[in-house]
Amino acid sequence: MEKEEVLAFIVKHPMCCLGTIEDDKARVRGMETFRADEKGLIFYTAKVKDVYKQIAKNPEVEVCYIGDIQVRVRGKMEIIEDLALKKEIVEKRPFLKPIFENKYEGLAVFRLKGKATTWSGNQGTKPGAPKTFIGL
Amino acid sequence: MDKNEILSFITTNNIGYLATLDGKAARVRAMDTFRADENGLIFYTDKAKNVSKQMLNSPEIEVCYYSQGLQVRVRGKAVPDEDINLKKEIVAARPFYGEMTDEDYKSMAVFRLKGKATTWTMESGDSTSSFVEL
């Protein structure tokens, strides 16, 4: 797959699972991808949540998407404080309004500029064969 | 949810997202849960795969299941299981394995997770203050 195809796949399947680390223990939960384009993948959460604290401490994450294939994206999460982007996210996700409208400092936004690897059941690669990565 | 309801949810929605540590970096991929019962959750892979090596190096893992608005996360220590009868049962139930030699069985990796679970819904949020032992 090309970079553009991977990004289109993520746009079509925005729900992923986000893996993080908490004190040398793996953690994972469902996460919505707000946007996926040339500039990276955008995620949001509340700063009071453990996932925010885990990423602030160790930004080396991976996300996994499933459709007819599996796409994994790994890299360093960047915490971004872009007020215009926060306002756009709250505007487009009405359930966030009661919590974050005019209290944007509590909303955490992350950007992941990572590399992707794909897998499908009929790929036929040998177990443990080196993965091929696509820079996003 | 009580323990039996959680195990039943995992049995119905058996594809989990398994998170591991690769050194200091997080990794996550989809994984078939072969079984979920009183004796733990059973996963299988190949010893040559990174996921197997990662679980041996850092056994503290978490698995996430999601269906119809309910998320279940199970965390705990992954323990390798070399029970040949269990391996044969998995192979018999998963036809994509095909014919297996003794070497193939040695290369097969099975892990058991006896962990604790936490649930999440949009309405109720996280239940991380009240884990359910599985």
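## Chain B

In this predicted model, the elements of chain B follow the order α-β-β-β-α-β-β-α-α-β-β-β-β from the N terminus. That amounts to four helices and nine strands.

Of the 134 residues in chain B, 37% are buried. Among contacts in chain B with a separation of 6 or more, 61% are between residues 24 or more positions apart.

## Chain A

Chain A contains four helices and eight strands. Read from the N terminus, the order in chain A is α-β-β-β-α-β-β-α-α-β-β-β. The radius of gyration of chain A, 16 Å, is close to the 14 Å given by the globule rule for 136 residues, so chain A is as compact as a globular protein of that length.

The C-alpha atoms of chain A fill a box of roughly 50 × 35 × 20 Å along the principal axes. Buried residues account for 35% of the 136 residues in chain A. Of the contacts in chain A between residues at least 6 apart in sequence, 58% join residues at least 24 apart.

## Contact between the chains

At the interface, 23 residues of chain A are in contact with 22 residues of chain B. On the chain A side, strands S1 (15–22), S2 (25–37), S4 (60–66) and S5 (70–80) each supply at least two of the touching residues. By class, this side of chain A has nine nonpolar, eight charged and six polar residues.

Note on methods. Residues numbered from 1 in each chain as written. Chains lettered and ligands numbered in written order. Predicted model: local features only at pLDDT ≥ 70, side-chain atom pairs only at ≥ 80, totals over all residues. Contact = placed C-beta atoms within 7 Å. Nonpolar A, V, L, I, M, F, W, Y, C, P; charged D, E, K, R; others polar. Rg over C-alpha atoms; globule rule 2.2 N^0.38 Å. Buried ≥ 20, exposed ≤ 12 C-beta atoms within 10 Å, placed from the backbone.
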